[in-house]
Amino acid sequence: ALHPQPAATMTALAACGSLDACVSLLAAAQHRLGPGLTGFEVMNDFSLALVARHFPQLRQPLAGAPWTVLVELSDNEGVDHARAQFEGLLTAALETGMIDDAAVAESVAQSRAMWHLRESVPLAQSEEGLNIKHDISLPVSRIVAFCAATDAALASRWPGMRLVNFGHLGDGNLHYNAFVPG
């Protein structure tokens, strides 16, 4: 009730080679899109692999990548302005190597399908079996170092550990969940 409905919304999935690249893409999106950036979710490769295994009917428009970002822009000026802003961000990210590929939703149905992939990660985890769930909140600037150190410590202690790491990178909150082998 406090904000008008956006005149246009753009949604995309982007493939990143590292969590650090996701953080760089977030900074670029915040700079280019400002308050129009209304969604920025990350999913590691194991998260989306679980979705593919347990919900094969859900189309994944990008080939596997170490990290996938779901980014959304809500624009008050209109479709043409939103598309120009969004395509400018993605083009710059491709040219600088920040992302390796991107798929832009061309309809509300495609946008919903992209969000459905993200929302299916916890359901796929439940289908996979027992896991240890954590929600972490850190300044975005510390997330990469935290994940690198914690991933290494867990892998050292429990070889074969599988990590489901996904969530709201835009506000520094991730679901950091573990499947311990055996």
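Modeller: Asn 165 counts as buried, with a relative accessibility of 2%. Buried stands for under 20% relative accessible area and exposed for over 50%, with partly exposed in between (1.4 Å probe, protein chains only). The model is predicted, so local features need pLDDT of at least 70 and side-chain atom pairs count only at pLDDT 80 or more, while totals for chains, interfaces and linings use all residues. Residues are numbered from 1 along each chain as its sequence is written, and side-chain values use heavy atoms, leaving out hydrogens and water.

Biologist: In which element is Asn 165 found, and with which residues is Asn 165 in contact?

Modeller: Helices (H or I, at least four residues) and strands (E, at least two) are DSSP runs numbered from the N terminus, and Asn 165 is part of strand β6. Contact means heavy atoms within 4.5 Å. With neighbours within four places in sequence left aside, Asn 165 touches Val 42, Met 43, Asn 44, Ser 47, Trp 67, Cys 147, Leu 174, His 175 and Tyr 176.

Biologist: Is Gly 64 buried or exposed?

Modeller: Gly 64, in the loop between α2 and β3, is exposed, with a relative accessibility of 81%. The C-alpha atoms of Gly 64 and Asn 131 are 23 Å apart, for a separation of 67 residues in sequence. Pro 56 is also placed in the loop between α2 and β3, and its 62% relative accessibility makes it exposed. From Pro 56 to Gly 167, the C-alpha distance is 21 Å and the sequence separation is 111 residues.

Biologist: How should I read a nonpolar core, and how many residues has the largest one?

Modeller: In soluble globular proteins, nonpolar side chains tend to be buried together. A nonpolar core is a set of buried Ala, Val, Leu, Ile, Met, Phe, Trp, Tyr and Cys residues joined through side-chain atoms within 4.5 Å. In this model the largest such core has 37 residues, and Leu 25 and Phe 40 have the most contacts inside it. Two or more residues each come from β1 (8-16), α1 (19-33), β2 (37-44), β3 (67-75), α3 (79-95), α6 (140-157) and β7 (173-179). The greatest contribution to this core is that of α1, with 8 residues.

Biologist: What is Phe 40 in contact with?

Modeller: Beyond its neighbours within four places in sequence, the contacts of Phe 40 include Cys 22, Leu 25, Leu 26 and Ala 29, along with Val 69, Leu 70 and Val 71. Gly 167, His 168, Leu 169 and Gly 170 are also in contact with Phe 40. There is a second, separate core of 22 residues, and among its members are Leu 70, Ala 105, Trp 115 and Phe 179.

Biologist: How is the packing of two helices described, and at what angle do α1 and α3 pack?

Modeller: Axes are lines fitted to C-alpha atoms, for helices over the stretch in contact, and angles between N-to-C directions run from 0 to 180 degrees. The axes of α1 and α3 are 10 Å apart, at an angle of about 145 degrees. A crossing is left-handed if the near helix is turned anticlockwise from the far one by less than a right angle, and right-handed if clockwise; that of α1 and α3 is right-handed. From α1, Leu 25, Ala 28, Ala 29, Arg 32 and Leu 33 meet Gln 85, Phe 86, Gly 88, Leu 89, Ala 92 and Ala 93 of α3.

Biologist: Which way does α2 lie relative to α5?

Modeller: Angles under 35 degrees count as roughly parallel, over 145 as roughly antiparallel, 65 to 115 as roughly perpendicular and the rest as oblique. Helix α2 (residues 45-54) and helix α5 (residues 121-128) have axes that come within 8 Å and cross at roughly 70 degrees. α2 is therefore roughly perpendicular to α5, and their crossing is left-handed. On the α2 side the contact is made by Ser 47, Leu 50, Val 51, Arg 53 and His 54, and on the α5 side by Val 121, Ala 124, Gln 125, Glu 127 and Glu 128.

Biologist: Which residues of α2 are buried, and what covers them?

Modeller: Phe 46, Ser 47, Leu 48, Leu 50 and Val 51 are buried in α2. Their cover includes β2, β3, α4 (108-119), α5, β6 (162-168) and β7. As for α4 and α5, their axes come within 5 Å and cross at roughly 40 degrees, and these two helices are therefore oblique to each other.
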